[in-house]
Amino acid sequence: LKKNISDANLPLTYNQITIRLKGGKGGDGYLQDEELIKRILQGDGERYGDIVERYQAGLYRTAYYYTQNIEDARDITQEIFIKAYNSLTGFNQTSAFSTWLYRITVNHCLDWCRKKKPIYVETTCLDNLRNEEGSPEDSILQQEIASEVQEAVASLPEIYSTVLILYYFEDFSPQQIAEILDTPKRTVETRLFRARKMLRGKLYSSSDGGELYDLLPKPGQLAQLR
Amino acid sequence: MTVHLKNCLDCQTAVSQIQETAHILAKSQITITPPLEIKTNVMLTIDKNRYKENTASSHPLTKNKINSARPFELKNWGFSMVAAGILLFVLNLTLPTPKFESNQVAVLNNALGKQITLPFDKISQVTEAVLHKIDSLNIILVK
């Protein structure tokens with residue numbers, strides 16, 4: 001299913017970009033994460049700017065999914081980068097740098113969520129959604145759906161919202177999520193299954209007359225939105 | 001499982017519902033541009049010389065060397081402890097004679113006491129001689 005989605009001419013996500021860049025070894029001035037980290041640890045602190053550029057979109061987006069507002073997402077992203085820089089010696093290269101960085105990100109976001117609940121939901125900051133085709137009406141509808149879905153995801157218990165964010169929004173594989181969360185892959189898969197089920201319950205809670213019920217496309221209607 | 005899915009309507013519905021939810025989730029992925037200030041603020045906040053100052057201790061390769069030096073240090077400590085143990089053992093050694101009479105023990109104690117005080121006498125003599133030499137050197141230097 002995920003493969004079909006990624007093949008549907010959608011904009012590239014961070015992971016896809018990284019994979020493509022990594023695939024093209026020897027690109028102009030492109031250095032692998034590990035090489036960049038090595039240089040930073042050797043005293044070339046300016047190189048950290050490359051790391052920030054490379055990961056800021058993904059981290060900012062992830063932070064946004066947790067905070068639901070751009071100001072907090074920006075602050076959190078900055079804090080994460082600073083935290084990661086100050087503890088770079090703790091990156092022991094047994095896993096990918098992205099895994100290590102996202103582990104810090106998820107923990108930081110969860111800490112934030114425990115300390116501070118989101119005050120309001122910001123939707124106007126979204127540049128666009130994944131489907132760039134279709135009429136303006138479709139686009140507005142999609143934005144509304146996305147907003148509702150994000151709210152529903154954010155309202156799930158954190159163990160479930162985290163796996164959904166990392167799997168669907170950040171395109172990590174269950175194996176990568178298992179490494180980020182330091183849990184078995186099987187647990188991640190189980191959580192994904194339960195999370196989808198819980199989310200479906202929230203989105204289509206027709207019994208309580210939830211507004212999402214009317215807003216979300218019914219099975220089979222989704223294709224018309226594409 | 002595929003065969004079961006073909007025949008079971010409930011499972012077919014469950015799978016399609018999950019697929020729809022997954023579709024909705026995938027379609028809900030947002031693209032937001034991070035503000036430029038993130039990089040600027042981060043680069044202004046971090047101490048770029050943090051790893052320059054202490055490259056030797058922070059670099060993973062040198063870190064390995066430090067780690068490998070640690071067992072050696074511990075080994076030295078171990079040797080010192082063993083040596084101290086042996087010394088204590090030797091000091092507490094008694095003569096192989098199985099039985100002592102009380103006066104024999106007293107004689108032994110006296111002998112041991114003398115053996116211990118003798119080195120102290122020698123040490124004080126040597127110290128005095130050294131101090132005398134230092135004094136004489138000081139006098140020469142003052143002159």
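Leaving aside neighbours within four places in sequence, with which residues is A:Thr99 in contact? The model is predicted, so local features need pLDDT of at least 70 and side-chain atom pairs count only at pLDDT 80 or more, while totals for chains, interfaces and linings use all residues. Side-chain values use heavy atoms, with hydrogens and water left out. Beyond its neighbours within four places in sequence, A:Thr99 is in contact (heavy atoms within 4.5 Å) with A:Gln176, A:Glu179 and A:Ile180.

**Helix H6 of chain A**

- A:Thr99 lies in helix H6 of chain A, helices being DSSP runs (H or I) of at least four residues, numbered from the N terminus.
- With a relative accessible area of 2%, A:Thr99 is buried, a term that means under 20% relative accessible area, whereas exposed means over 50% and partly exposed lies in between (1.4 Å probe, protein chains only).
- H6(A) as a whole is mostly covered, as 14 of its 19 residues are buried.

- On the side of H5(A) the contact is made by A:Arg74, A:Thr77, A:Gln78, A:Phe81 and A:Ile82, and on the side of H3(B) by B:Glu37, B:Ile38, B:Asn41, B:Val42 and B:Thr45.

**Aromatic pairs**

- Over all chains the structure holds ten aromatic pairs, meaning rings of Phe, Tyr and Trp (its six-membered ring) with centres within 6.5 Å, counted as stacked with planes under 30 degrees apart, as edge-to-face over 60 and as tilted for the rest.
- One of these pairs joins A:Phe91 and A:Phe97 edge-to-face, at 5.4 Å centre to centre and 80° between the planes; A:Phe91 is buried at 4% relative accessible area, and A:Phe97 is buried at 1%.
- A:Tyr167 and A:Tyr168 have ring centres 4.9 Å apart and planes at 85°, so this pair is edge-to-face; A:Tyr167 is buried at 14% relative accessibility, and A:Tyr168 at 5%.
- A cluster that spans both chains is formed by ring pairs linking A:Tyr48, A:Phe81, A:Tyr85 and B:Tyr51, and A:Phe81 also takes part in the contact of H5(A) with H3(B).

Key:
Residues are numbered from 1 along each chain as its sequence is written. Chains are lettered from A and ligands numbered from 1 in the order in which they are written. Helices (H or I, at least four residues) and strands (E, at least two) are DSSP runs, numbered from the N terminus.
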